[in-house]
Amino acid sequence: MSETIEQQMALAFARMSKSSALNKLYATKAKREGNVLLSKLLYSISRSEKIHARRSLMYIRGKLVDPTEYLKHLLHDKHENVTVTYPKISQLSVDSGKKKASEAFDQFSKVTKIHLILLNEALKKGADESTTYYVCQICGYISVDEIPQKCPVCNAVREKFRLED
């Protein structure tokens, strides 16, 4: 595959994944509002797009770089999110009077800083098979080896953490 086709497939994967997630959210909202038919349709479209995304990913899978190289790229992207993207969106949210959106992006930034720490540790040490990760289902914070009593980012109770295998 030429680089252009790979880029287009990666873009298609991202767009289909996004659309699938949004359709699932709106299916839930439609169901809550009593529009069962629309809910079923949106949920079906969501599943269909998820299948499309998976198939697109299958085409680009063979073109994946070494995981260590990927980590370096990921570190760069996450650093940019923490230093540029999330603060900009947070400030735009404040300027637009959307305090909750600003709070969400402030939390995203805090969680992404944790990602940076964990990724840097993984690059230095390599994998420790005994390490366990628990993810807060409210804000995405990752706790290593134990579940905190409360999430340090969003104050969610410990029952909101899920073990990642």
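The structure is a predicted model, in which local features require pLDDT of at least 70 and side-chain atom pairs count only at pLDDT 80 or more, whereas totals for chains, interfaces and linings use all residues. Residues are numbered from 1 along each chain as its sequence is written, and side-chain values use heavy atoms, with hydrogens and water left out.

The secondary structure comprises 4 helices and 3 strands, arranged along the sequence as α-α-α-α-β-β-β. Helices (H or I, at least four residues) and strands (E, at least two) are DSSP runs, numbered from the N terminus. The C-alpha trace spans about 50 × 45 × 35 Å along its principal axes. Of the 165 residues in the chain, 25% are buried, where buried denotes under 20% relative accessible area, exposed over 50%, and partly exposed the range in between (1.4 Å probe, protein chains only). The chain exposes about 12100 Å², of which carbon and sulfur atoms supply 56%; accessible areas come from the Shrake-Rupley method with a 1.4 Å probe, and for residues only the protein chains shown count as cover. Among contacts (heavy atoms within 4.5 Å) between residues at least 6 apart in sequence, 50% join residues at least 24 apart.

Strand β1 (residues 133-136) runs antiparallel to β2 (residues 142-144), to which 3 bridges join it. Pairing requires that DSSP find at least two bridges between two strands. Y133 has V144 of β2 as its bridge partner. The hairpin of β1 and β2 has 5 residues between the strands, and G140 there adopts a positive phi near 95°. Strand β1 is also joined by 4 bridges to β3 (residues 161-164), again in antiparallel orientation, with Y134 opposite L163 of β3.

R162 belongs to strand β3 and is partly exposed, with a relative accessible area of 46%. Beyond residues up to four places away in sequence, R162 touches Y133, Y134, V135 and Q137. The side chain of R162 makes a polar contact with that of E164 at 3.2 Å; such a contact is a pair of N or O atoms within 3.5 Å, and within protein one must be able to donate a hydrogen and the other to accept it, while residues adjacent in sequence count only if both atoms are side-chain atoms. The C-alpha atoms of R162 and I142, 20 residues apart along the chain, are separated by 9.5 Å.
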